[in-house]
Amino acid sequence: MQNAIEIKHLSREEKLRMVDALWADLLSEEELLESPTWHKKALQETEKRFAEGKERIVDWHTAKKELRKHFE
């Protein structure tokens, strides 16, 4: 993939603009995207655990911090 090599030479700002453009393009065709069955099941299981008091809501900053600790 020749474009992947060129991406390495872009500035951080240019890369972020590209990510935004990709997301906007994907969202413009959102009705064509179907979530896989496993994902729907995983969300239902999480909702059930939350209703049972076995899950807690954390803000994104805290979630990232916890995930980094878990995987480092």
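1. Let's start with the fold: the chain contains four helices and zero strands, and from the N terminus on its elements run α-α-α-α. Helices here are DSSP runs of H or I with at least four residues, strands are runs of E with at least two, and both are numbered from the N terminus.

2. A word on what you are looking at. This is a predicted model, in which local features need pLDDT of at least 70, side-chain atom pairs count only at pLDDT 80 or more, and totals for chains, interfaces and linings use all residues. Residues are numbered from 1 along each chain as its sequence is written, and side-chain values use heavy atoms, with hydrogens and water left out.

3. How confident is the predictor? The mean pLDDT (the predictor's confidence in each residue, from 0 to 100) of the chain is 88, and 93% of its residues reach 70 or more. Confidence is highest in helix α3 (residues 37-51), at a mean of 95, and lowest in helix α1 (residues 2-7), at 70.

4. Now the overall shape. The radius of gyration of the chain is 18 Å, whereas a compact globule of 72 residues would have one near 11 Å; the value is taken over C-alpha atoms, and the globule rule is 2.2 Å times the number of residues to the power 0.38. Along its principal axes, the C-alpha trace spans about 50 × 35 × 20 Å.

5. Of the 72 residues, 1% count as buried, where buried means under 20% relative accessible area, exposed means over 50%, and partly exposed is in between (1.4 Å probe, protein chains only). The chain exposes about 7,500 Å², with carbon and sulfur atoms supplying 58% of it; these areas come from the Shrake-Rupley method with a 1.4 Å probe, and for residues only the protein chains shown count as cover.

6. Val19, Trp23, Leu26, Leu27 and Leu33 make it, and its area is about 520 Å². Patch residues have over 30% relative accessible area and no salt bridge; nonpolar side chains (Val, Leu, Ile, Met, Phe, Trp, Tyr) are joined within 5 Å, like charges within 9 Å. Leucine 26 belongs to helix α2 (residues 12-28) and is partly exposed, at a relative accessible area of 41%.

7. Next, the charged pairs: the whole structure holds five salt bridges, each a side-chain nitrogen of Lys or Arg within 4 Å of a carboxyl oxygen of Asp or Glu. In one of them, lysine 48 meets glutamate 52 at 3.8 Å, N to O. Lysine 48 is exposed, at 54% relative accessibility, while glutamate 52 is partly exposed, at 41%. In another, the closest N and O atoms of arginine 49 and glutamate 55 are 2.6 Å apart. Arginine 49 is partly exposed, at 31%, and glutamate 55 is also partly exposed, at 30%.

8. One more bridge joins arginine 56 to glutamate 66 (2.9 Å, N to O). This pair links distant parts of the chain, ten residues apart: arginine 56 sits in the loop between α3 and α4 (60-71), and glutamate 66 in helix α4. Arginine 56 is exposed, at 56%, and glutamate 66 is partly exposed, at 31%.
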